[in-house]
Amino acid sequence: MFIIVGLGNPTAQYAGTRHNVGFDVIDKIADEYNISVEGRKNRAFVGTGMIAGRKVLLAKPQTFMNLSGESVRGLADFYKIDVETELLVIYDDVSLDVGQLRIRKKGSAGGHNGIKSIISHLGTDVFQRLKVGVGEKPDRYDLADYVLGHFSGEDRETMEESYKRAVHAVELLAAGELEQAMNEYNKKVKREE
């Protein structure tokens with residue numbers, strides 16, 4: 001089983017915010033592969049299906065971002081997965097330009113509380129991540145206010161394109177093509193002026 005977790009906050013008030021891009025990518029994957037993510041397990045909405053010939057579990061933890069690790073650890077234990085090779089976490093990154101993707105096989109939390117929680121609960125920082133850039137916060141903005149804010153119209157279009165690229169990146173990762181995915185998607189994408 002390959003577990004693909006998108007991070008975000010539950011409840012309608014957070015829908016479409018920068019911090020919920022992980023949920024948005026999961027929704028795009030679910031649409032693309034006709035996977036219903038309405039089951040419940042380990043405090044997450046979940047759904048199973050096939051991607052690139054591999055059985056996958058899509059998950060959207062409902063614990064709120066800062067407690068994401070509780071849900072992810074429960075899923076990892078339940079399915080007895082090797083988190084280094086059978087877990088992918090998708091989340092927002094303020095250090096990347098809007099719509100930029102970055103794939104990593106390990107690393108620090110980089111100030112992201114959801115990832116901090118997952119590292120703490122798993123006891124390792126070695127698991128695959130797909131970071132989705134939401135842009136740097138403007139000066140004089142509070143970081144929490146920024147990530148809980150919504151995209152402008154232009155940025156929303158950029159994000160829609162980014163979600164399509166993210167779905168393809170996930171196909172490669174599900175197929176075990178980590179290096180190819182990194183080579184293809186860690187490049188800087190030029191935005192049209």
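Visitor: Which residues in H7 do Arg165, His168, Ala169, Leu172 and Leu173 in H6 meet?
Guide: Helices are DSSP runs of H or I with at least four residues, strands are E runs with at least two, and both are numbered from the N terminus. Contact means heavy atoms within 4.5 Å. H6 brings Arg165, His168, Ala169, Leu172 and Leu173, and these meet Leu178, Gln180, Ala181, Glu184 and Tyr185.

Visitor: What pLDDT do local features need in this model?
Guide: Residues are numbered from 1 along each chain as its sequence is written, and side-chain values use heavy atoms, with hydrogens and water left out. The model is predicted: totals for chains, interfaces and linings use all residues, side-chain atom pairs count only at pLDDT 80 or more, and local features need pLDDT of at least 70.

Visitor: Is H6 roughly parallel or roughly antiparallel to H7?
Guide: Axes are lines fitted to C-alpha atoms, for helices over the stretch in contact, and angles run from 0 to 180 degrees between N-to-C directions. H6 (residues 153–174) and H7 (residues 178–185) have axes 8 Å apart and pack at about 155 degrees. Under 35 degrees counts as roughly parallel, over 145 as roughly antiparallel, 65 to 115 as roughly perpendicular and the rest as oblique. H6 is therefore, relative to H7, roughly antiparallel.

Visitor: Is the crossing of H6 and H7 left-handed or right-handed?
Guide: A crossing is left-handed if the near helix is turned anticlockwise from the far one by less than a right angle, and right-handed if clockwise. The crossing of H6 and H7 is right-handed.

Visitor: At what angle do H2 and H4 cross?
Guide: H2 covers residues 68–79 and H4 residues 113–122. Their axes come within 7 Å. H2 is oblique to H4. The crossing angle is roughly 45 degrees.

Visitor: Which residues of H4 make the contact with H2?
Guide: H2 passes H4 in a right-handed crossing. From H2 come Ser68, Gly69, Glu70, Val72, Arg73 and Ala76. H4 provides Gly114, Ser117, Ile118, His121 and Leu122.

Visitor: How many polar residues are in the contact of H2 with H4?
Guide: Four residues are nonpolar and two are charged. The polar ones number five.

Visitor: Is Val72 buried or exposed?
Guide: Val72 lies in H2 and, leaving aside neighbours within four places in sequence, is in contact with Val5, Pro61, Leu87, Ile118 and Leu122. Buried means under 20% relative accessible area, exposed over 50%, and partly exposed in between, using a 1.4 Å probe and protein chains only. At 2%, Val72 is buried.

Visitor: What separates the C-alpha atoms of Leu57 and Leu87?
Guide: Leu57 lies in strand E4 and counts as buried at 1% relative accessibility. Its contacts beyond four places in sequence include Phe2, Ile4, Val46, Leu75 and Tyr79. Leu57 and Leu87 are 30 residues apart along the chain, and their C-alpha atoms are separated by 9.6 Å.

Visitor: Why is the pair of Tyr14 and Phe64 classed as it is?
Guide: The structure holds three aromatic pairs. Rings of Phe, Tyr and Trp (its six-membered ring) pair if their centres lie within 6.5 Å; planes under 30 degrees apart count as stacked, over 60 as edge-to-face and the rest as tilted. The centres of Tyr14 and Phe64 are 6.2 Å apart and the planes lie at 80 degrees, so the pair is edge-to-face.

Visitor: How many residues apart in sequence are the parts that Tyr14 and Phe64 tie together?
Guide: Tyr14 is buried at 17% relative accessibility, whereas Phe64 is partly exposed at 39%. Tyr14 lies in the loop between strand E1 (2–6) and helix H1 (21–33), and Phe64 in the loop between strand E4 (54–61) and H2. The separation is therefore 50 residues.

Visitor: What is the angle between the planes of Tyr141 and Tyr146?
Guide: Tyr141 is partly exposed at 45%, and Tyr146 is buried at 7%. Their aromatic pair is edge-to-face, 6.1 Å centre to centre. The angle between the planes is 90 degrees.

Visitor: What is phi of Asn34?
Guide: Asn34 lies in the loop between H1 and strand E2 (39–41) and counts as exposed at 73% relative accessibility. Its phi is positive in a residue other than glycine, near 55 degrees.

Conventions:
Nonpolar A, V, L, I, M, F, W, Y, C, P; charged D, E, K, R; others polar.
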